Amino acid sequence: MFCVAPPESETKMNVTKGGLVLFSANSNSSCMELSKKIAEDVNTTIMELLIMVYACKTSCAKSIIGVIPYFPYSKQCKMRKRGSIVSKLLASMMCKAGLTHLITMDLHQKEIQGFFNIPVDNLRASPFLLQYIQEEIPDYRNAVIVAKSPASAKRAQSFAERLRLGIAVIHGEAQDAESDLVDGRHSPPMVRSAAAIHPSLEIPMLIPKEKPPITVVGDVGGRIAIIVDDIIDDVDSFLAAAETLKERGAYKIFVMATHGLLSSDAPRLIEESAIDEVVVTNTIPHEIQKLQCPKIKTVDISMILSEAIRRIHNGESMSYLFRNIGVDD
Amino acid sequence: MPNIKIFSSSSHQDLAQKIANRLALELGKEVTKKFSNQETCVEIGESVRGEDVYIMESGCGEINDSLMELLIMINACKIASASRITAVIPCFPYAQKDKKVRGFFDIPVDNLYAERAVLKWIKENISEWRNCMIVSPDAGGAKRVTSIADRLNVDFALIHKERKKASEVDRMVLVGDVKDRTAILVDDMADTCGTICHAADKLLSAGAIRVYAILTHGIFSGPAITHINNTCSEAVAVTNTIPQEDKMKHCPKIQVIDISMILAEAIRRTHSGESVSYLFSHVPL
């Protein structure tokens, strides 16, 4: 008996309102889509998702597709010191619970797709953000796309290419602690006894990197600065970047991010800072943050998710949704 | 030869510390924190390469957080090349009424029993135990209660709920005679304590002199503390599978039966390859 509510009857499925959109009663061979937003309590949401997926599996759903716009724990996808690769753990858990397909958006690291042995569709929000820039920022042709750290330079480059603008990269002291360069295996092992290491095998000491003071590589004087990133969570690095850009002469500063986690007192800090506008998509609900800080604007991406669901359900090709995506996006 | 390393998740540090003390070990260093977006991050602070790791976690408080922490810690130990990882889960979450947990796992499961510790507590704390009655607050616990009653060589009784009509509320019926005896209610877990309190009332009105309640897992959520404070039981004894310090401050009737020695002995025996079945019939000192 039931199936997916066909998008013909509702043009957009607003995936973030009401967290849980469950289609189906008891069905034997039907396709079930479970939408999940990541709410304040991540762990509870994950458990709920797993329980739901397993319940669908044991009720003989033909296929169970998880629509998880913001994939949690995506920042813990590398081994740091003696930590756990939680994304891999989550991927294993979801596959084991019975998920047969995953639709997500702007994964923090594309390699996370490889952690799953089910098909993963990593949709992109960049076309929506680009459209916002072109429509809502009046003199965007005088803008510069800024990467707040060298790690996001590739993303800035792909945005700039599509808008035919220049880029700037910020490099320096204000790097966040969990930068992608930290890898557990670089930590030197404890020296148990000198005899264990053969005297002639002197392992050279790793020279600690010295961070230069903050610099902006590229010219932002007299321009609009648009900082692009995939996740905006702890805003300290964005605030520092905004300060620097202001000093170098940028007259307006925008921050565009796909996932607006904006946790703890981010809205207050943004309100008080030099940033003019923060634009995020509605992958994560941020109504409360918007009330606290009117600078936060939302871009609706529900149409791409509903289109993806429709195409998967009808067995159509998804490549149309990826047509304008650069290699580095 | 691998060494024992015991790690504790943040759900029940106290019990883990007691277990470590009994084994004359230090708890393993690890840092558990939550990022501002509520994601859990676990970092093991010492080398576990080639070691026999035991991770303690109890299904209490924020269960989903504890579960994720446990999973992340197990994963971290595995990719840090631990030789063997054993999870010590005194109160197994999401298993309210599923006693047969063992069949759901493909790995060895040792389900220990608190019965021996409960018997020891009864003999030490209830002076008239030779003349008491063990009572089960529901029909499902009959087997548990008869087992304890047989070992103490006393009688047992049980309370069952009877529903006359579909829409009427259950009535509690006592099967057995508790007149002029001390009654000891025994159950495996108590969440809101509604059942235990009703049962205690029932027993007193049926003529019992005193009522005690003994529960293995004292989850005590919601209005439980209020119920216990108002109950007519003398005392409510629970094991420390779930941390009870906070609740004891609000409720003087709660007493704790320490089961850390059972867990410590189980860890020691598993590590050295000795039989664990000894623990089913004896309580280590």
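**Two chains, sheet by sheet**

In strand β10 of chain A, A:Ile226 has A:Phe254 as its bridge partner. One caution before I go on. This is a predicted model.

Now step back to the sheet itself. In chain A, seven strands make an open sheet, ordered β8-β7-β6-β9-β10-β11-β12, and the pairing is mixed. Which strands are at the edges? They are β8, residues 215–217, and β12, residues 296–299, of chain A, and each pairs on one side only. From one strand to the next, the twist averages 25°. A quick reminder on pairing: strands of a sheet are held through backbone hydrogen bonds, parallel or antiparallel.

Next, the helices on that sheet. Take α3 of chain A, residues 126–136. Helix α3 lies across β9, β10, β11 (277–281) and β12 of chain A. Its direction is at about 155° to β10(A). Then take α5 of chain A, residues 236–247. Helix α5 lies across β6 (143–147), β7 (166–171), β8, β9 and β10 of chain A. Its angle to β9(A) is about 170°.

Some totals for chain A. There are eight helices and 12 strands. The chain has 329 residues, and 52% of them are buried. Look at contacts between residues at least 6 apart in sequence: 66% of these join residues at least 24 apart. The accessible surface is about 16100 Å², and carbon and sulfur atoms account for 56% of that surface.

On to chain B. Here, too, is an open sheet of seven strands, in the order β8-β7-β6-β9-β10-β11-β12, with mixed pairing. Why does one side of β8 (171–175) and of β12 (254–257) in chain B lack a neighbour in the sheet? Because these two stand at the edges, each with a single partner strand.

Strand β10, residues 210–218, and strand β11, residues 235–239, of chain B run parallel and are joined by four bridges. One residue pair to find on your screen: B:Ile214 is bridged to B:Ala237 in β11(B). Helix α3 of chain B packs on the sheet. It touches β9 (182–190), β10, β11 and β12 of chain B, and makes about 125° with the direction of β12(B). Helix α4 of chain B, residues 142–152, lies across β6 (132–136), β7 (155–162) and β9 of chain B. That helix runs at about 165° to β6(B).

Now the surface of chain B. Which residues form a nonpolar patch there? B:Phe92, B:Phe104, B:Phe105 and B:Ile107 do, with about 430 Å² of accessible area together. B:Phe92 is in the loop between β5 (84–88) and α3 (115–125) of chain B. Its relative accessibility is 34%, so B:Phe92 counts as partly exposed; the exposed class needs over 50%.

Compare that with a charged residue, B:Glu26. Buried or exposed? B:Glu26 counts as exposed, because its relative accessibility is 69%. Its place is the loop between α1 (13–22) and β2 (30–34) of chain B. One distance to finish: B:Glu26 and B:Lys5 are 21 residues apart along the chain, and their C-alpha atoms are separated by 8.2 Å.

Notes:
Residues are numbered from 1 along each chain as its sequence is written. Chains are lettered from A and ligands numbered from 1 in the order in which they are written. This is a predicted model: local features need pLDDT of at least 70, side-chain atom pairs count only at pLDDT 80 or more; totals for chains, interfaces and linings use all residues. Side-chain values use heavy atoms; hydrogens and water are left out. Patches are made of residues with over 30% relative accessible area and no salt bridge: like charges are joined within 9 Å, nonpolar side chains (Val, Leu, Ile, Met, Phe, Trp, Tyr) within 5 Å. Accessible areas come from the Shrake-Rupley method with a 1.4 Å probe; for residues, only the protein chains shown count as cover. A salt bridge is a side-chain nitrogen of Lys or Arg within 4 Å of a carboxyl oxygen of Asp or Glu. Buried means under 20% relative accessible area, exposed over 50%, partly exposed in between (1.4 Å probe, protein chains only). Two strands pair if DSSP finds at least two bridges between them. Axes are lines fitted to C-alpha atoms, for helices over the stretch in contact, and angles run from 0 to 180 degrees between N-to-C directions. Contact means heavy atoms within 4.5 Å.
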